[in-house]
Amino acid sequence: MDWKVFLTVFGTVFLAELGDKTQLATVLFASRNTVSLWTIFLAASAALVLTSAIGVAAGAIVSQHVNPRYLS
């Protein structure tokens, strides 16, 4: 595993997600007393993993058809 790439991606996505609509929606769901916090955590985590998987797949497809020089 390339730790430099890992930390760069982690840091970028982490900072991008702070305070966005996703986090605010999760805070609202967690503020209800009638729901399990674990259920909210697992659902929000699964949603972020799925959207990240879609992003990785889309990037792989785009990189096959577009010169990487134009993407950076």
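At what angle do helix α2 and α3 pack, and how far apart are their axes? Before I answer, let me say that what we have here is a predicted model, in which the protein chain averages a pLDDT of 91 and 100% of the residues score at least 70. Among the elements of the chain, the highest mean pLDDT, 94, belongs to helix α3, residues 37-65, whereas helix α4, residues 68-71, has the lowest, at 79.

Now to the packing itself: helix α2, which covers residues 21-30, lies against α3 at an angle of about 160°, and the axes are 10 Å apart. Because angles over 145 degrees count as roughly antiparallel, α2 and α3 are roughly antiparallel to each other. The crossing in which α2 passes α3 is right-handed. On the α2 side the contact is made by Thr22, Thr26, Phe29 and Ala30, and on the α3 side by Leu37, Ile40, Ala44 and Leu48.

Let me turn to the aromatic rings, of which the structure holds four pairs. In one of them, Trp3 and Phe6, the ring centres are 5.3 Å apart and the planes stand at 70°, so the pair is edge-to-face. Trp3 and Phe6 are three residues apart in helix α1, residues 3-17, and are therefore separated by about one helical turn.

Note on methods
Residues are numbered from 1 along each chain as its sequence is written. This is a predicted model: local features need pLDDT of at least 70, side-chain atom pairs count only at pLDDT 80 or more; totals for chains, interfaces and linings use all residues. Side-chain values use heavy atoms; hydrogens and water are left out. pLDDT is the predictor's confidence in each residue, from 0 to 100. Helices (H or I, at least four residues) and strands (E, at least two) are DSSP runs, numbered from the N terminus. Axes are lines fitted to C-alpha atoms, for helices over the stretch in contact, and angles run from 0 to 180 degrees between N-to-C directions. Angles under 35 degrees count as roughly parallel, over 145 as roughly antiparallel, 65 to 115 as roughly perpendicular and the rest as oblique. A crossing is left-handed if the near helix is turned anticlockwise from the far one by less than a right angle, and right-handed if clockwise. Contact means heavy atoms within 4.5 Å. Rings of Phe, Tyr and Trp (its six-membered ring) pair if their centres lie within 6.5 Å; planes under 30 degrees apart count as stacked, over 60 as edge-to-face and the rest as tilted.
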